[in-house]
Amino acid sequence: MSEQVTRIQVGGTAGTDPYEVLVGRQLLGELGTLVGNAKRVAVIHPEALAETGEALRADLAEQGFEAVAIQVPNAEEAKTAEVAAYCWKALGQSNFTRSDVIVGVGGGATTDLAGFVAATWLRGVRWVAVPTTVLAMVDAAVGGKTGINTAEGKNLVGSFHPPTGVLCDLAALDSLPVNDYVSGLAEIIKAGFIADPKILELIEADPEGARSPAGAHAAELIERSIRVKAEVVSGDLKEAGRREILNYGHTLAHAIEKNERYKWRHGAAVSVGMHFAAELGRLAGRLDDATADRHRSVLASVGLPLSYRHDQWPKLLETMKVDKKSRGDLLRFIVLDGLGKPTVLEGPDPAVLLAAYGEVAQ
Ligand SMILES: NC(=O)c1ccc[n+]([C@@H]2O[C@H](COP(=O)([O-])OP(=O)(O)OC[C@H]3O[C@@H](n4cnc5c(N)ncnc54)[C@H](O)[C@@H]3O)[C@@H](O)[C@H]2O)c1
Ligand SMILES: O=C(O)C(=O)C[C@@H](O)[C@H](O)[C@H](O)COP(=O)(O)O
Ligand SMILES: [Zn+2]
């Protein structure tokens, strides 16, 4: 399965341009085609992928493009207004026009930044995502949510700006530290709970194998998760409704990430956030005990965290008020009515929220 190229279409409905997510190996030959008739290409990459960024730049230059590499900090340090401004400066100095193309190569933080720079430069230029973490392949690089953080919270500034194409070269995952690989499993498990329970079965059958790109089902887990995301965003690019289900576990997760000054990996925070959402669903009378318990078992089986500091609730609650799903003073959470049945829980009783946090707190 992993040696062939899988093509998954995203969009093409409700007036959006369709694009493809390619999953396989040795896909970089596709990059020139996606860049198309641009004269200039800017390859935005993190420090950790300096060699990859330079290799892509050199390859594009050989194909006749005026290619520049823009190196940005690793991980969340790249998702700031200052780094976006640094990229805008580099584009300006390269005479980057509306027919030119940005390539974002890296994890989700880099693709979120690169997409945001593409969305804002000249009010929008084309961009191609080359995700190099499992999390970016299955989630961040697909669907067109781009953005940066501010001092007040996670992803508070951004734009919906879908890429022209997404190249998921599975070979990139071989250099990924195991903690980063496992962090991406949180979004895969999210896809399992909200839409595709087969994902959970594959992980439960071999949790150790799921922790590695060499695992027997690695490509299948990645492709199944991309299909879930593609199906959801194709019907609701701008999160007018159904797309909110992709935020399962994220209300608390984003508050934890801010509380940790973005030093926690996103997937680790999402894991705690899903555990919380499961307990919230259970205590609100929506979710059965077995499915709620299954969250703990499957997340723990791959080594993802379930708990957070007990004394932090007031701060977390305050941060959650600016979650993008909030409406005025109304807090809104995604919970499950059952396996594969995500729904919105509006304005839960504060006592129920606190009790759910009590199940997560350590
Ligand atoms: N836009 C969306 O829809 C969406 C969805 C999910 C997550 N996200 C965002 O994605 C980000 C998390 O992404 P992530 O988990 O990929 O983390 P990340 O981008 O922070 O990458 C983790 C680390 O791995 C390094 N790295 C990347 N690829 C590597 C490779 N192949 N080998 C070695 N090191 C590599 C990075 O430089 C970084 O230091 C968060 O900011 C989150 O908010 C966005
Ligand atoms: O694509 C979406 O929609 C998601 O919610 C996917 C999430 O995994 C992702 O972390 C996203 O960036 C969160 O979006 P936000 O709007 O809550 O910042
Ligand atoms: Zn996420």
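## Starting point

A helix axis is a line fitted to C-alpha atoms over the stretch in contact, and the angle between two axes runs from 0 to 180 degrees between N-to-C directions. The packing of α10 and α13 can be read with that in mind. Helix α10 spans residues 250-259 and helix α13 spans residues 313-320. Their axes lie 9 Å apart, and the packing angle is about 115°. The model is predicted.

## α10 against α13

How are α10 and α13 oriented to each other? Angles of 65 to 115 degrees count as roughly perpendicular. The two helices are therefore roughly perpendicular to each other. The crossing of α10 past α13 is right-handed.

On the α10 side, the contact uses Thr-251, Leu-252, Ala-255, Ile-256, Lys-258 and Asn-259. On the α13 side, Lys-315, Leu-316, Thr-319 and Met-320 take part. By class, this contact holds 5 nonpolar, 3 polar and 2 charged residues.

Across the boundary, 28 residues of domain 1 are in contact with 27 residues of domain 2.

Which elements of domain 1 supply at least two residues to the side that touches domain 2? They are β1 (6-10), β2 (19-24), α5 and β8 (153-160). The largest share comes from α5, with 5 residues. This side of domain 1 has 12 nonpolar, 12 polar and 4 charged residues.

## Around ligand 1

Ligand 1 has 32 residues around it. Asn-74, Ala-75, Gly-107, Gly-108 and Thr-133 come nearest.

The shell contains 10 nonpolar, 14 polar and 8 charged residues. Both domains take part: domain 1 and domain 2 each give at least three residues to the shell around ligand 1.

## Around ligand 2

Which residues surround ligand 2? They are Asp-139, Gly-143, Lys-145, Asn-155, Glu-187, Glu-239, Arg-243, Leu-246, Asn-247, His-250 and Lys-324. By class, there are 1 nonpolar, 4 polar and 6 charged residues in this shell. Again, domain 1 and domain 2 each supply at least three residues.

## α6 against α11

From α6, the contact takes in Ser-183, Gly-184, Leu-185, Ala-186, Glu-187, Lys-190 and Phe-193. From α11 come His-266, Gly-267, Ala-268, Val-270, Ser-271 and Met-274. The contact has 6 nonpolar, 5 polar and 2 charged residues. Glu-187 of α6 is part of this contact, and Glu-187 is also among the residues that surround ligand 2.

## α11 against α14

Helix α11 has another partner: helix α14 (residues 350-360). What is the crossing angle of the axes of α11 and α14? The axes cross at roughly 130° and come within 8 Å. An angle over 145 degrees would count as roughly antiparallel, and one of 65 to 115 as roughly perpendicular. α11 and α14 are therefore oblique to each other. Their crossing is right-handed.

In α11, the residues involved are Val-272, His-275, Phe-276, Glu-279, Leu-280 and Leu-283. They meet Val-352, Leu-353, Ala-355, Ala-356, Tyr-357, Glu-359 and Val-360 in α14. By class, this contact divides into 10 nonpolar, 1 polar and 2 charged residues.

Methods
Residues are numbered from 1 along each chain as its sequence is written. Chains are lettered from A and ligands numbered from 1 in the order in which they are written. This is a predicted model: local features need pLDDT of at least 70, side-chain atom pairs count only at pLDDT 80 or more; totals for chains, interfaces and linings use all residues. A residue is near a molecule or strand if its C-beta atom, placed from the backbone, lies within 6 Å of it. Ala, Val, Leu, Ile, Met, Phe, Trp, Tyr, Cys and Pro count as nonpolar, Asp, Glu, Lys and Arg as charged, and the others, Gly among them, as polar. Domain bounds come from an automatic or database domain assignment. Two residues are in contact if their C-beta atoms, placed from the backbone, lie within 7 Å. Helices (H or I, at least four residues) and strands (E, at least two) are DSSP runs, numbered from the N terminus. Angles under 35 degrees count as roughly parallel, over 145 as roughly antiparallel, 65 to 115 as roughly perpendicular and the rest as oblique. A crossing is left-handed if the near helix is turned anticlockwise from the far one by less than a right angle, and right-handed if clockwise.
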